[in-house]
Amino acid sequence: MTEAPPTRVVIVGGGTAGWMAAAALARFLGPTGAIRLVESDEIGTVGVGEATIPQIRLFNEGLGIDEDRFLRECQGTFKLGIEFVGWGLRSAADRYTHAFGSVGRPLGLLPFHHYWLRHRAAGGVTDLWAASAGARAARENRFARPADGPNKPSSGVSYAFHFDASLYAAFLRRYAEARGVRRTEGRVSHVETRREDGFVESVALDDGERVAGDLFVDCTGFRGLLIEGALRAGYDDWSRWLPCDRAMAVPTASPPGPLAPYTRATAREAGWQWRIPLQHRVGNGLVYSSRHLRDDRAADLLLANLDGEPLADPRPLRFTTGRRREAWRGNVVALGLAAGFMEPLESTSIHLIQTGIARLLQFFPGREGIAAADRAEFNRQSEGEWTAIRDFLILHYHATERPEPFWRDIARAPIPDTLAAKLELFRGNGRLVRREDELFTEVGWLQVMVGQGVEPRGHHPLADVPTPAQLDEFVRLCAAHAGQVAGAMPDHRAYLAHHCAAAPAPFARAS
Ligand SMILES: Cc1cc2nc3c(=O)[nH]c(=O)nc-3n(C[C@H](O)[C@H](O)[C@H](O)COP(=O)(O)OP(=O)(O)OC[C@H]3O[C@@H](n4cnc5c(N)ncnc54)[C@H](O)[C@@H]3O)c2cc1C
């Protein structure tokens, strides 16, 4: 009996998506896959993307990557959540956190927030985030990895990272090449498809080399060279809901003093500004709508709102929010920007690469080739995941009282029915329901709903069971626990220095 030949996988593109795919496929396919990656140094990568959500830890763990080493090599810092400044605008100091981890703890059948809503309605002044250890630690610039264990009460803390995405891609490249991935440097000039079924047969490089494969992973960035250029998968444009279409990015020198363990997203007149602290620099950028703000004004606005010396000129980027209609078409699976783009408001792009890879592994074709049912299920799951994130992002823009034309235009625009249904449930009795394919948990939605000023009319009737004194005590205990957990954490900068300090960056100025 002869062995079936390994599936020839060709990854086109070597940005974060390409090298994440290469590393994971090399790790999990073993000898059933022969993996090649083609990338063009001349074209380069998008070069932004620094903030993540906690699921990235599962990806690194799956690859067996040591977390401290990864943070050292990628200039990484810890992230407890995102601070939103000026989004609802009920007052100039308006800010809230979407912290990872839990807020309070459940009691009986109900999550904490129903008791908190009742407590607040009865005059209680405890802030929702007083019961979140992550939000409290973030506010005080503290961090320690939670030492949760089977016999201990949960700390309620979860964390992600900020890191330099180009260093991460280089880190994963070393990992993938050590596990047999063959890299070819060269620009793909032509994609060759089979007449009978339209499958991609090979990609042709500028120097005439042809790279043939059974399965192609399109990681070519916004252009989607294979999935769109060759296979015309189509694109759902979501800019009627999320009209930002440009970004300006600039790194700055790290200011001395406290190192924030969170991303900051500050609302501006026609978009918002990110601030992502790394070990060797701070990543900053303005995401905006070109219909509402000119590029030169966007650059001025960004430069006027930095808290450190710029290390480069602002770099412009253009995008159209939306997703590829079929992320898997024929024998091409699109990952990363080739699969679509949503602004980095909740740091979801790298996560969507991760889940795309996980899904590809789940439906990886066997000897009999690609099954249409597998491909359809892959696309169905991708759509569910993307649309739920889209709705979550729209919520930030929809529920706001900001007066500028950009904000009024979005707040007044119709919203998807799926989001309208979520809002109606929450506005009634504070109910939050999570579909099976949704990324963000009820506690994520809760924080953004409350933070943006969405007010429920009531709470779940079961929250009326405790006596007022019992209710007071419960809310007080939840807040006390969160305070204790946060208070026991050391300073974030000190923790990093102790566990995972990176070597000093060779150049202060970014090119
Ligand atoms: C403004 C902005 C901010 C962002 N912030 C975040 C964030 O905070 N968190 C987050 O998770 N994500 C963020 N993202 C998204 C993140 O940058 C991307 O998801 C991630 O970098 C993956 O990009 P990619 O690998 O798909 O594409 P790219 O980085 O564009 O890589 C494309 C690759 O394809 C290759 N290529 C293209 N054409 C050819 C060809 N013809 N021949 C050969 N090779 C080719 C290129 O050489 C390159 O290697 C942000 C994106 C933008 C635009």
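Visitor: In what sense do strand 12 and strand 18 pair, and over how many bridges?

Guide: Strands of a sheet pair through backbone hydrogen bonds, either parallel or antiparallel. Here, strand 12 and strand 18 (residues 322-324) pair in the antiparallel sense, over three bridges. Two strands count as paired if DSSP finds at least two bridges between them. Strands themselves are DSSP runs of E with at least two residues, helices are runs of H or I with at least four, and both are numbered from the N terminus.

Visitor: How should I read the numbers and the model itself?

Guide: Residues are numbered from 1 along each chain, as its sequence is written. This is a predicted model, in which local features need pLDDT of at least 70 and side-chain atom pairs count only at pLDDT 80 or more, while totals for chains, interfaces and linings use all residues. The term pLDDT is the predictor's confidence in each residue, from 0 to 100. The chain has a mean pLDDT of 94, with 97% of its residues at 70 or more. Over residues 507-511, however, pLDDT stays under 50.

Visitor: How many bridges join strand 8 to strand 9?

Guide: Five bridges join these antiparallel strands. Thr193 stands opposite Val200 in strand 9. The two strands form a hairpin with six residues between them, and Gly198 in the turn has a positive phi of about 75 degrees. On to the other neighbour: strand 9 (residues 200-205) pairs with strand 10 over three bridges, and Ala204 has Arg210 as its bridge partner in strand 10.

Visitor: Which domains does the chain have, and how far apart are their centres?

Guide: The bounds come from an automatic or database domain assignment. It gives domain 1 (7-50 + 164-240 + 321-370) and domain 2 (85-153 + 246-318 + 372-511). Their centres, taken over C-alpha atoms, are separated by 30 Å. Contact means that the C-beta atoms of two residues, placed from the backbone, lie within 7 Å. By that rule, 24 residues of domain 1 are in contact with 26 residues of domain 2. Helix 9 gives the most to the side of domain 1 that touches domain 2, with four residues.

Visitor: Which residues come nearest to the ligand?

Guide: A residue is near a molecule if its C-beta atom, placed from the backbone, lies within 6 Å of it. Of the 39 residues around the ligand, Gly13, Gly15, Gly49, Gly221 and Gly336 come nearest. Among the elements that give two or more residues to this shell are helix 1 (16-29) and helix 9 (349-362). The largest share, three residues, comes from helix 1. Each of domain 1 and domain 2 supplies at least three residues to the shell.
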